[in-house]
Amino acid sequence: MGITDKKASSSTAKAADGVRLMTCGGVAGMIAKTATAPLERIKMLSQTGEHGGNTNKKVSVTKLYRNILANEGVIGLWAGNGANLLRIFPAKGVVFASNDYYRILLRKQFMNGNIDDPMPTYLSFISGGLSGITASACTYPLDLVRGRISGKIAAPNANIKYQGVWNTTALTIQHEGFFALYKGVTPTLIGAIPYEGIKFGTVGLCERLFPPSEDEKNNQIMRKLVFGGLGGVMAGLITYPNDTVRRLLQLQGSHGMSTRDMDVYSGYWDCVRKTYAKHGVGRFYHGVGINLVRMAPNTAVQFGSYELLKRMTEGYI
């Protein structure tokens, strides 16, 4: 085999392995999101205030749960999950695959290509942040569609209801224009850097602080579950106010929104300013408790499933 053939074969193998990693990451994300979708729905309703009552009043998790069942039935707990799965497969696939890619690049740049030593925490943060931006930029319209479906409880007397991914996309474009699909993209991209950075950075830090023993080297999946759960909790807590702003911007102008005392935001900082002036700092943390409960299993399952799927498919490429 000539040099040219060897290079072509190597390039093909790398491309195939990249597809494998993206697929593993996407499937891992879908498993985690479906398992924790009811908690995600309750969290989003807490953030947006669109829960069928006073939009300025904080409502308990139990009350939100009952409102969903009363208005939409059990299936309402998974409202928007279809759009989320359409988004999460490519998004998480890109996140995990691009994170592995960025880690290789950073190792070559700052560690002379050393793959044996644990990566410094700041490099794990950078690679995670870059992977988060990459995924968010690719899949944002689906995130907005998911937010509009699950960010409010369907009112029985509403003139227009969002019913599924294509219906929500069509209605949004018809009534607000194509670029309405990118409402809230600024806080999404801003939040992607610290969120994914903190998540992957925490996992990297834990791996450095708690190196595996000889027995644990063969049980990386459990370590990923624990470290991933810690990373998710840290990232969710620190970036939560930014996520609330993102949800408020996404629902602005959507049909079925409460018109009472509705604020109109011209952009990211205008939303931050008006929300703080009207409701105080606490408004940015509505639903943070249920989010922390959700983040630990969600991220743990993501990292654990990804590690398991990588091992299961390693011999097929």
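1. In this note, axes are lines fitted to C-alpha atoms, for helices over the stretch in contact, and angles run from 0 to 180 degrees between N-to-C directions. The model is predicted, with local features requiring pLDDT of at least 70 and side-chain atom pairs counted only at pLDDT 80 or more, while totals for chains, interfaces and linings use all residues. Residues are numbered from 1 along each chain as its sequence is written, and side-chain values use heavy atoms, with hydrogens and water left out.

2. Overall fold. The chain has ten helices and zero strands, and its pattern along the sequence reads α-α-α-α-α-α-α-α-α-α. Helices (H or I, at least four residues) and strands (E, at least two) are DSSP runs, numbered from the N terminus. Of the 317 residues in the chain, 47% are buried; buried means under 20% relative accessible area, exposed over 50%, and partly exposed in between (1.4 Å probe, protein chains only).

3. Helices α4 and α5. Two packed helices are described by the angle between their axes and the distance between the axes. Helix α4 (residues 81-110) packs against helix α5 (residues 121-150) at an angle of about 165 degrees, and their axes are 7 Å apart. That angle makes α4 roughly antiparallel to α5 (under 35 degrees counts as roughly parallel, over 145 as roughly antiparallel, 65 to 115 as roughly perpendicular and the rest as oblique). The crossing of α4 and α5 is right-handed; a crossing is right-handed if the near helix is turned clockwise from the far one by less than a right angle, and left-handed if anticlockwise. The contact of α4 with α5 comprises 16 nonpolar, nine polar and four charged residues. Here Ala, Val, Leu, Ile, Met, Phe, Trp, Tyr, Cys and Pro count as nonpolar, Asp, Glu, Lys and Arg as charged, and the others, Gly among them, as polar.

4. Helices α5 and α7. The axes of α5 and helix α7 (residues 185-209) cross at roughly 145 degrees and come within 6 Å. The crossing of α5 past α7 is right-handed. By class, their contact has twelve nonpolar, eleven polar and three charged residues.

5. The largest pocket. A pocket is an open set of points on a 1 Å grid over the protein atoms alone, with protein on both sides within 12 Å along at least five of seven lines; a cavity is a set where a 1.4 Å probe fits but cannot get out, and lining residues have an atom within 4 Å of a point. The largest pocket has a volume of about 1600 Å³, volume being the space filled by probe spheres set on the points. Its lining consists of 39 residues, with D100, R103, I104, R107 and K310 nearest the centre. Two or more lining residues come from each of α1 (3-35), α4, α7, α8 (220-251) and α10 (288-313). Helix α4 gives the most, with eleven residues. By class, the pocket lining has 15 nonpolar, seven polar and 17 charged residues.

6. Cavities. The structure holds three cavities of 30 Å³ or more. The largest cavity has a volume of about 520 Å³ and is lined by 33 residues, of which R87, Y195, E196, D243 and R246 lie nearest its centre. The elements giving two or more residues to this lining are α2 (37-48), α4, α5, α7, α8 and α10. Its classes are ten nonpolar, eleven polar and twelve charged residues.

7. Two individual residues. R41 lies in helix α2 and, at 1% relative accessibility, counts as buried. R41 is 24 residues from Y65 in sequence, and their C-alpha atoms are 9.2 Å apart. G289, in helix α10, counts as partly exposed at 42% relative accessibility. The C-alpha atoms of G289 and V61 are separated by 9.3 Å, although these residues are 228 residues apart along the chain.
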